[in-house]
Amino acid sequence: MATLDYELLDVFTDIPLAGNPLAVFPEAAGLSDARMQRIAAELNLSETVFVTDGQPATGRYTVRIMTPATELPFAGHPTIGTAVALARRAGAREATTLTLVEGVGPVQVQVEPGAADTGRAVLTAPAPPAPVPTDVDGDTAAAVLGVEPQALAGAPRAWSAGVPFLCVPLASRATLDAIRLDTGRWQAALADGPAPHVYAYWLAGEDLPRVHARMFAPAMGIAEDPATGAAAVAFAGELVTRLGAEESALHATIHQGEALGRPSRLELEVDVSGAASGRCGSAVRRWRSAAAACGCRRRWATAEGNYPA
């Protein structure tokens with residue numbers, strides 16, 4: 001019975017058991033699409049990554065990104081975490097650049113190995129964020145989020161840098177904390193629309209933007225995500241539009257995950273030149289489990305009906 005090693009990482013944090021957890025299967029060549037999807041559903045993390053082809057000499061890897069319900073063409077925390085895992089696996093001791101070939105195409109990631117089980121990586125968006133046409137109004141967005149319409153700080157807008165998100169500005173941190181997603185209203189209003197994933201945010205400062213955000217993606221099988229890199233890159237377009245920024249560069253810190261007890265921090269750099277482009281990164285730490293003698297490495301039996309050791 002064949003088995004595969006995988007690693008568990010915490011992404012967008014430098015604290016174990018915070019941030020967004022990620023599973024990475026570094027040698028997944030030969031797994032069928034259906035098997036990858038079933039494994040991702042069983043692990044039930046926001047995303048699981050399968051490396052189907054690797055060329056350590058050139059730093060180029062082909063990866064598949066699965067949520068519990070579907071495959072994604074691009075995602076931030078899987079890209080960041082996978083790059084750190086692969087760089088450490090290749091024995092990198094200095095800063096290096098990897099290319100992860102995802103559904104959207106090649107994504108460049110700069111990796112800086114850290115001490116012990118840590119590392120830091122920054123991805124460059126494969127495409128600048130672009131507006132997505134949507135007819136969702138403030139009343140509808142408020143109803144989906146379970147808040148009052150007057151609690152919004154403006155009209156919702158949709159953006160995508162590979163994955164579309166409906167960005168909903170809120171007037172206060174208290175409103176952000178009070179969100180209770182109404183899945184029935186989400187199903188009726190957003191599920192079949194062009195931007196079904198909801199990124200609610202509160203902008204705490206405009207001179208040096210500090211953003212608090214929550215992301216809900218029932219279509220991905222994710223009730224709420226602790227940290228969402230793809231949403232942060234898409235949000236770059238929203239942020240530039242919201243602030244009317246004209247500088248050549250804009251930096252924002254995004255706080256996410258507090259509502260889930262997994263605080264995360266994402267650093268977003270935006271090049272304001274026509275269409276905004278984003279760079280997103282943060283520290284990554286692999287965590288060790290006392291229940292696993294071999295630390296963060298686990299094994300998955302690939303035969304039908306078997307589960308992780």
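## Cavities

The largest cavity has a volume of about 70 Å³. A cavity here is a set of points on a 1 Å grid over the protein atoms alone where a 1.4 Å probe fits but cannot get out, and lining residues have an atom within 4 Å of a point. The volume is the space filled by probe spheres set on the points, with grid points joined across faces, edges and corners. The model is predicted: local features need pLDDT of at least 70 and side-chain atom pairs count only at pLDDT 80 or more, while totals for chains, interfaces and linings use all residues. Residues are numbered from 1 along each chain as its sequence is written, and side-chain values use heavy atoms, with hydrogens and water left out.

Two cavities of 30 Å³ or more are counted. The largest is lined by 15 residues, and E47, A75, G76, T228 and A230 lie nearest its centre. Two elements, α2 (76–89) and α6 (229–243), each give two or more residues to this lining; helices (H or I, at least four residues) and strands (E, at least two) are DSSP runs, numbered from the N terminus. The largest share, three residues, comes from α2. By class, nine of the lining residues are nonpolar, four polar and two charged. In this scheme Ala, Val, Leu, Ile, Met, Phe, Trp, Tyr, Cys and Pro count as nonpolar, Asp, Glu, Lys and Arg as charged, and the others, Gly among them, as polar.

## The second cavity and β13

The second largest cavity has a volume of about 40 Å³. Its lining consists of R173, L176, D177, A213, R214, G257, E258 and A259. The elements that give two or more residues to it are α4 (173–178) and β13 (210–217), and α4 gives the most, with three residues. The lining has four charged, three nonpolar and one polar residue.

β13 also pairs with β14 (residues 222–225) in the antiparallel sense over two bridges; two strands pair if DSSP finds at least two bridges between them. A217 has I222 in β14 as its bridge partner. The two strands form a hairpin with four residues between them, and G221 in the turn has a positive phi of about 80°.

## Strand β4 and its partners

In strand β4 (residues 60–66), five of the seven residues are buried, where buried means under 20% relative accessible area, exposed over 50% and partly exposed in between (1.4 Å probe, protein chains only). Strand β3 (residues 48–55) pairs with β4 in the antiparallel sense over seven bridges, and T48 has M66 as its bridge partner. β3 and β4 form a hairpin with four residues between them, with G59 in the turn at a positive phi of about 75°.

β4 and strand β6 (residues 96–102) run parallel, joined by three bridges, with R60 opposite T99. A hairpin through four residues joins β4 to β5.

## Two buried residues

T82 lies in helix α2 and counts as buried because its relative accessibility is 1%. A polar atom of its side chain lies 2.6 Å from the backbone oxygen of P78. Not counting residues up to four places away in sequence, T82 touches L22, V24, V49, V51, V63 and L100; contact means heavy atoms within 4.5 Å.

R262 lies in the loop between β15 (249–256) and β16 (264–271). At 18% relative accessibility, R262 also counts as buried. Its side chain reaches the backbone oxygen of G19 at 2.7 Å.

How values were computed
1 Å grid on protein atoms, 1.4 Å probe; cavity = no way out; pocket = protein on both sides within 12 Å on 5 of 7 lines; lining within 4 Å. Polar contact = N/O pair within 3.5 Å; in protein donor to acceptor, adjacent residues only side chain to side chain.
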